[in-house]
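I opened this notebook to record a set of look-ups made on one structure. The entries follow the order in which I made them.

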Amino acid sequence: AVIGQYEKDILVSTDLLMEGIHFDMQYTPLKHLGYKSVAVNLSDIAAMNGRPTQILVSIAVSSRFSVEALEELYEGIHLACQKYHVDLVGGDTTSSKTGLVISITAIGEADKSDITYRKGAKKHDLICVTGDLGAAYTGLLILEREKVTFQANPNFQPDLSNYYYVLEIFLKPEPRLDIVSLLKEKGVIPTSMIDISDGLASEVLHI
């Protein structure tokens with residue numbers, strides 16, 4: 001959402017992460033999960049050619065998570081906030097009977113002349129992407145494969161040393177705020193932008 005405010009507009013985006021749908025606790029470290037939860041929200045602000053400024057974090061948590069586990073989750077959230085100079089300004093906490101739910105709202109800003117919407121794409125525009133497409137999915141496939149092996153043999157110890165790169169991209173993604181800075185530096189305002197964490201094909205159809 002874009003909210004008009006003087007010479008700059010306020011950008012607001014929110015994402016919900018559900019245990020069992022968006023993450024699997026069998027192979028997701030809580031610190032990484034906290035970091036990733038922030039990163040995917042900041043990415044949506046970057047995809048409007050804006051700069052994130054604040055987040056609100058709400059969680060619903062079941063009794064199987066200890067206080068120490070939640071501290072680990074928030075340590076990851078804090079690390080992402082530090083890296084991208086974003087303030088954690090509020091949120092909510094409640095109990096859950098089914099697992100862990102994380103909801104983050106990201107707030108950002110952009111000059112009116114810089115904001116880029118999805119709807120600006122035109123015929124013959126050049127489509128450009130950032131990052132290594134498919135790397136995160138590859139990391140997920142590797143973790144799912146090792147999970148099945150572990151379930152069949154609890155004494156199994158996976159060797160993931162050859163897969164650090166794709167595992168990091170899946171477990172600890174980075175929002176491409178560097179691209180926002182680069183575009184501003186080069187004086188380029190794209191006709192359309194979108195976050196492609198859900199996949200390239202579906203998002204190209206959106207624009």
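The entries below cover conventions, ring contacts, a helix pair and selected residues.

**Conventions.** I worked from a predicted model, in which local features need pLDDT of at least 70 and side-chain atom pairs count only at pLDDT 80 or more, while totals for chains, interfaces and linings use all residues. Residues are numbered from 1 along each chain as its sequence is written, and side-chain values use heavy atoms, with hydrogens and water left out.

**Rings.** I looked for aromatic pairs and found 0. The test takes rings of Phe, Tyr and Trp (its six-membered ring) as paired if their centres lie within 6.5 Å, with planes under 30 degrees apart counted as stacked, over 60 as edge-to-face and the rest as tilted.

I then looked for charges over rings, which requires NZ of Lys or CZ of Arg within 6 Å of the ring centre and within 35 degrees of the ring normal. Lys 36 lies over the face of Phe 170, 4.0 Å from the ring centre. Lys 172 has its charged end over the ring of Tyr 35, at 4.5 Å from the centre.

**Helices α3 and α4.** Helices (H or I, at least four residues) and strands (E, at least two) are DSSP runs, numbered from the N terminus. How do α3 and α4 pack? Helix α3 spans residues 135-152 and helix α4 residues 164-171; I read an angle of about 100° and axes 7 Å apart. The two are therefore roughly perpendicular, a label given to angles of 65 to 115 degrees, whereas those under 35 count as roughly parallel, over 145 as roughly antiparallel and the rest as oblique. Axes are lines fitted to C-alpha atoms, for helices over the stretch in contact, and angles run from 0 to 180 degrees between N-to-C directions.

I listed the residues in contact (heavy atoms within 4.5 Å). On the α3 side they include Ala 135, Leu 140 and Leu 143, and on the α4 side Val 166, Phe 170 and Leu 171. By class, the contact of α3 with α4 has 10 nonpolar, 2 polar and no charged residues. Here Ala, Val, Leu, Ile, Met, Phe, Trp, Tyr, Cys and Pro count as nonpolar, Asp, Glu, Lys and Arg as charged, and the others, Gly among them, as polar.

**Positive phi.** For accessibility I used buried for under 20% relative accessible area, exposed for over 50% and partly exposed in between (1.4 Å probe, protein chains only). Asn 49, in the loop between α1 (30-46) and β3 (51-61), has phi near 65°, a positive value in a residue other than glycine. Is Asn 49 buried or exposed? Asn 49 counts as buried, at 8% relative accessibility. His 85 has phi near 55°, also positive and also not glycine. His 85 sits in the loop between α2 (67-83) and β4 (87-95) and is exposed at 65%.

**Lys 147.** I placed Lys 147 in helix α3, where it counts as buried at 19% relative accessibility. Not counting residues up to four places away in sequence, Lys 147 touches Asp 24, Gln 26 and Tyr 27.

**Ser 62 and Ser 95.** Ser 62, in the loop between β3 and α2, is buried at 10%. Ser 95, in strand β4, is exposed at 62%. Leaving aside neighbours within four places in sequence, Ser 62 is in contact with Ser 96 and Gly 99, and Ser 95 with Ala 60 and Val 61.
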